[in-house]
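Please look over the protein shown below.

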Amino acid sequence: MLSRLFVLASALLLSGCAIGHQYDYRTMNPPIEVEGTRSVAVAVEDVRPYVATGDKSPSFVGLQRAGFGIPHNVSTTSGQAMVSDMTGALVRALQEKGFDASPLPTQPGSALAAVSPTSDRTLVVSLREWKSDVYAQVTLSWNMDVTVFDSSGQQLATVSDRGVEGVGSGVFEADNANLAVGMAGRKFANLLNMPEVQSALR
């Protein structure tokens, strides 16, 4: 009897706090290791299929499930495209490592048209999937590529990663946001810290 009451109470709690959640990916802080002084144009492109079709907004970051698993959209705190917030955070992280980094805008739902001819390197992060899903825990689904080009458009390095990972609880919004953004920083860093990417950026 007590267990049934606990499940019901949990469902009611989740129902009341599942709507209107926002995550601030501008605070993402990928622990990248590479240092350098080159000029780097940074593009995080959103090629998630549901953004391309217009089913989800470019500001969509994932789902928060209410009682009995009913999903509600989670968006960026800024109201801007998720990849715009991520780009700014990545630019800042590279600047802190000595690079002359600057953002290269992309069109949500489509791939980058061309690399920057005025920068020594163009760093492109392609998000084919990026979605957090919060219910009993925070689960991140990702499918991403990192590619480095020189100023002529020649590809110098490319690495990929994809998976599904669950971590933490799924009750309090602030904790969920911190877990999702923290996971994002680690996923970005995992690829940027690969030797071939570091070598291409230096």
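## Thr76, the fold and the cores

Thr76 counts as buried, at 1% relative accessibility. Buried means under 20% relative accessible area, exposed over 50%, and partly exposed in between, with a 1.4 Å probe and protein chains only. This is a predicted model, in which local features need pLDDT of at least 70, side-chain atom pairs count only at pLDDT 80 or more, and totals for chains, interfaces and linings use all residues. Residues are numbered from 1 along each chain as its sequence is written, and side-chain values use heavy atoms, with hydrogens and water left out.

Thr76 sits in strand β4, residues 71–76. Helices (H or I, at least four residues) and strands (E, at least two) are DSSP runs, numbered from the N terminus.

Contact means heavy atoms within 4.5 Å. Leaving aside neighbours within four places in sequence, Thr76 contacts Gln22, Tyr23, Ser59, Val61, Ala81, Met82 and Asp85.

Now the whole chain. The protein has 5 helices and 8 strands. From the N terminus, they run α-β-β-α-β-β-α-β-β-β-β-α-α. Of the 202 residues, 48% are buried.

The largest nonpolar core has 46 residues. Such a core is a set of buried Ala, Val, Leu, Ile, Met, Phe, Trp, Tyr and Cys residues joined through side-chain atoms within 4.5 Å. Helix α4 gives the largest share of this core, 9 residues. Leu90 is among the residues with the most contacts inside the core. Leu90 touches Pro30, Val42, Val44, Leu123, Val125, Phe188 and Leu192, not counting residues up to four places away in sequence. A second, separate core has 5 residues, including Ala41, Ala43, Leu104 and Phe149.

Is Gln198 buried or exposed? Gln198 is buried, with a relative accessible area of 10%. Gln198 belongs to helix α5. Not counting residues up to four places away in sequence, Gln198 touches Glu33, Val34, Leu192 and Asn193. Gln198 and Glu33 are 165 residues apart along the chain, yet their C-alpha atoms are separated by 8.2 Å.
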